Amino acid sequence: MPKMWAGRTDGATNKIADDFNSSISFDSRMYKEDITGSMAHAAMLAKQGIITESECDALIDGLETILSDLEKGKLKIDMNCEDIHMFVEQVLTERIGDVGKKLHTARSRNDQVALDIRMYLRSEIDLIDSKVRSLIGAITDKAEEYKDCIVPGYTHLQRAQPITFGHHLMAYSMMLLRDIDRLKDTKKRMNVSPIGSCALAGTTYDTDRAFEASKLGFDEVCQNSIDGVSDRDFSLELMSDISILMMHLSRFSEEIILWSSWEFKFIELSNEYTTGSSIMPQKKNSDMAELVRGKTGRVFGDMISLFTVLKGLPLAYNKDMQEDKESVFDAVDTVKMCLDVFVGMISTMTVFPNNMLKAAQTGFINATDLADYLVRKGLPFRSAYKISGQVVSYCIQNAKVLETLSIDEYKTFSDVIDNDVYDGVDLKNCVERRTSEGGTSVSSVEKQISYCREKVSK
């Protein structure tokens, strides 16, 4: 097939080199953006008198027909073409004749692909944002349902202090809210039009870059034509956002996997989001959570791949930059799939409050509250801390817990301890006393839920 760029050479490349050079297998997903961008470019050329209005009408009509035929399945993308830009221009020229050859006036494939990928990723950010909001909604609903369910809070994976399950879940909602903010910030910096930068130096034609950018929904244009075609920091920024988001999902997955084990049995995942074993009939595996955890490494790898591609490139455009798309497309596809799975997994999981409470009752997680009780009785915190530790040690040696220790036993450690100590170490009271902003009391969790719902609705 003759190449659109034939001239300096005859365009006859080796078949192996042709396949190696081709990007249409992955950039064809940007066909809509490529065609939409070309329509705006045609309109700009006509506005500036570079082509006639009738030529513009022919170009736009032809492009609209190609887009319609592709979306209806009447036209198939020719995978023998080098890239999506060449495919569209080739079909357009076949359909409307030599007028189609005027479309590429005052632009290059360098600024064309930079435009396409910005437009494509801009839309993908909106989709990811929507899916993150759905997940926050599912988590927040579950948190509201279990806002007073007592569970051990952990540090170092050791039982530490009593919290509510709702409080624990809301921590992930807050992380995801920040992920949304990061995506918004990235979209703002991404929404700058490179079209009109041409190959690297701009053009001799009297173009109106601002007009073209406005028609395509961009806020402004790139102020340096070399920068416009040669950087992909917007892709890197998005992949960084996605990597952080995936890290949050991976941490949550790890806890879901632990919680659903027999050793914890805090939750059970729905059969819809688990698998069985081919040999062990009793097994119910949290494969979806494990896959999210595993795919996080894949997304990290996508980001590092693009960093590595770009790190040594001289300005301006280099063919290496063709390698920007598969990694960012894979990261986008992966995070969307993981978010979809996560929403269903959280929404359908069963929670076992009694198991959580039993775990909370046997870990001395109210020891800090005993120390706080002693402080309220007038002891310095460090003295109270030491006494509380001695009481815990005594309980362990005698197979007792703080709630069941007799008052006489308590008084062997300090005369200031009285019967009100039992209110002080009661797990429910321990939780409800933590009324500081962001704390684990029910009223505090309710405020967190309200805050989160308000943020997600904006």
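The paragraphs below treat a strand pair, then some backbone angles, and finally the aromatic rings.

This is a predicted model, in which local features need pLDDT of at least 70 and side-chain atom pairs count only at pLDDT 80 or more, while totals for chains, interfaces and linings use all residues. Residues are numbered from 1 along each chain as its sequence is written, and side-chain values use heavy atoms, with hydrogens and water left out.

Strands β1 (residues 150–155) and β2 (residues 158–164) run antiparallel and are joined by six bridges; two strands pair if DSSP finds at least two bridges between them, and the elements named here are DSSP runs numbered from the N terminus, helices being H or I of at least four residues and strands E of at least two. Two residues lie between the strands of the hairpin, where H156 takes a positive phi near 55°.

Most residues other than glycine have a negative phi, and most peptide bonds are trans. Against that background, C198 has a positive phi near 60° and is placed in the loop between β3 (192–193) and α8 (209–215). A399 likewise has a positive phi, near 55°, and lies in the loop between α15 (381–397) and α16 (407–411). With a relative accessible area of 7%, C198 is buried, whereas A399, at 75%, is exposed; buried means under 20% relative accessible area, exposed over 50% and partly exposed in between, with a 1.4 Å probe and protein chains only. The peptide bond from L315 to A316 is cis, with omega near 10°, and A316 is found in the loop between α11 (287–310) and α12 (324–348).

Turning to the side chains, rings of Phe, Tyr and Trp (its six-membered ring) pair if their centres lie within 6.5 Å, and planes under 30 degrees apart count as stacked, over 60 as edge-to-face and the rest as tilted. By this rule there are 11 aromatic pairs. F252 and W259 have ring centres 6.4 Å apart and planes at 80°, so the pair is edge-to-face, and both residues are buried. F264 and F266 also form an edge-to-face pair, at 5.3 Å centre to centre and 85° between the planes; F266 is buried, with a relative accessible area of 2%. Ring pairs link Y146, F165, Y172, F252, W259 and F342 into a cluster.

Finally, a charge sits over a ring if NZ of Lys or CZ of Arg is within 6 Å of the ring centre and within 35 degrees of the ring normal. R122 lies over the face of F218, at 4.5 Å from the ring centre, and R382 lies over the face of Y385, at 5.3 Å.
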